[in-house]
Structures are given as structure tokens and as C-alpha cells.
Amino acid sequence: MDKVKRLVAERSVVIFSKSSCCLSYAVNILFGELGVNPLVYEIDQDPDCREIEKALMRLGCNAPVPAVFIGGKLVGSTNEIMSHHLSGDLTKMLVQNHALNKY
């Protein structure tokens with residue numbers, strides 16, 4: 001849990017991902033296309049992968065990856081990110097947390 005909290009505090013946008021997960025890939029591509037440079041942490045490359053998954057679930061993730069944090073707060077996984085993107089709220093969150101410049 002400490003590792004997750006430390007990583008989330010380091011950047012305005014943090015995505016916990018797995019290199020083999022297609023949903024993680026889609027979320028990472030979305031942020032890249034928006035012009036955001038998130039910290040993408042591939043948990044399957046970490047020997048503490050299982051502990052990180054458990055920590056993410058305890059923090060409220062309904063699926064361990066992708067888990068997106070913006071401004072230190074859990075926004076959610078793929079469904080929540082896509083819903084926020086389609087409503088325009090994702091861009092607002094990113095601007096408010098200095099992860100994206102206003103157009």
C-alpha cells in the first residue's frame with residue numbers, strides 16, 4: 001500500500017497497468033493522444049505485483065488494472081475513464097491537476 005501511495009504522490013497522473021492487458025493499453029493510448037505524459041507503472045514488472053494488486057483493490061479499484069489516479073485520487077478503471085472522457089470531464093480533471101494545458 002505504501003508503494004502505491006508513494007507512486008501516486010509523485011505525478012499528477014498515474015496509471016497502474018500490466019504489459020499484457022489490452023484495456024491498460026487502450027487507456028495508455030487515450031492519455032497519450034490527449035497529450036498527457038502519465039507515470040505508467042507496469043505492475044507485472046514488479047516482484048510485489050500481488051501486493052500492489054491487493055492494495056489497489058483495497059483503495060476501491062473494481063479491477064486491479066488499469067487503475068488511474070489523477071491528482072492523487074482514484075478515478076477508476078477503463079469504464080470510468082471512458083465515461084469521463086466521453087462527457088468531457090476527463091479533460092477538465094486533467095487541466096485542474098496541471099496534467100494538460102488548456103487549448
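**Set-up.** I work from a predicted model in which local features need pLDDT of at least 70 and side-chain atom pairs count only at pLDDT 80 or more, while totals for chains, interfaces and linings use all residues. Residues are numbered from 1 along each chain as its sequence is written, and side-chain values use heavy atoms, with hydrogens and water left out.

**Entry 1, cores.** I looked up the nonpolar cores, each a set of buried Ala, Val, Leu, Ile, Met, Phe, Trp, Tyr and Cys residues joined through side-chain atoms within 4.5 Å. Buried means under 20% relative accessible area, exposed over 50%, and partly exposed in between (1.4 Å probe, protein chains only). The largest core has 17 residues, and Val-4, Phe-16, Ile-43, Ile-52, Leu-56 and Phe-69 have the most contacts inside it. At least two residues of this core come from each of α1 (2-10), β1 (13-17), β2 (39-42), α3 (49-58) and β3 (67-70). Helix α3 gives the most, with four residues. Helices (H or I, at least four residues) and strands (E, at least two) are DSSP runs, numbered from the N terminus. A second, separate core has 16 residues, including Val-27, Met-93, Leu-94 and Leu-100.

I listed the contacts of Leu-56 (heavy atoms within 4.5 Å). Apart from residues up to four places away in sequence, Leu-56 touches Val-4, Phe-16, Cys-61, Pro-64, Ala-67 and Phe-69.

I noted Cys-49, Ile-52, Glu-53, Ala-55 and Leu-56 as the buried residues of α3. They cover an arc of only 165° around the axis, so they sit on the same side of α3. The arc is that of the directions from the helix axis to the C-beta atoms. These buried residues pack against α1, β1, β2 and β3. On the face turned away from them, Arg-50 and Arg-58 are exposed. Gly-60 follows α3 and has a positive phi, near 115°.

**Entry 4, helix α5.** In α5 (residues 89-96) I found Leu-90, Met-93 and Leu-94 buried. They line one face of the helix, because they fall within an arc of 95° seen down the axis of α5. An α-helix has 3.6 residues a turn, so residues three or four places apart point the same way. The cover over the buried residues of α5 includes β1, α2 (22-34), β3, β4 and α4 (78-87). Lys-92 and Gln-96 are exposed on the other side of α5.

Most residues other than glycine have a negative phi, and most peptide bonds are trans. His-98 lies in the segment after α5 and is exposed, with a relative accessible area of 73%. I also found a cis peptide bond joining Val-65 and Pro-66, with omega about -10°. Pro-66 lies in the loop between α3 and β3.

Thr-78 lies in helix α4 and is buried, with a relative accessible area of 11%.

I looked up where Leu-74 lies, and it is in strand β4 (residues 73-76). Leu-74 counts as partly exposed, because its relative accessibility is 30%.
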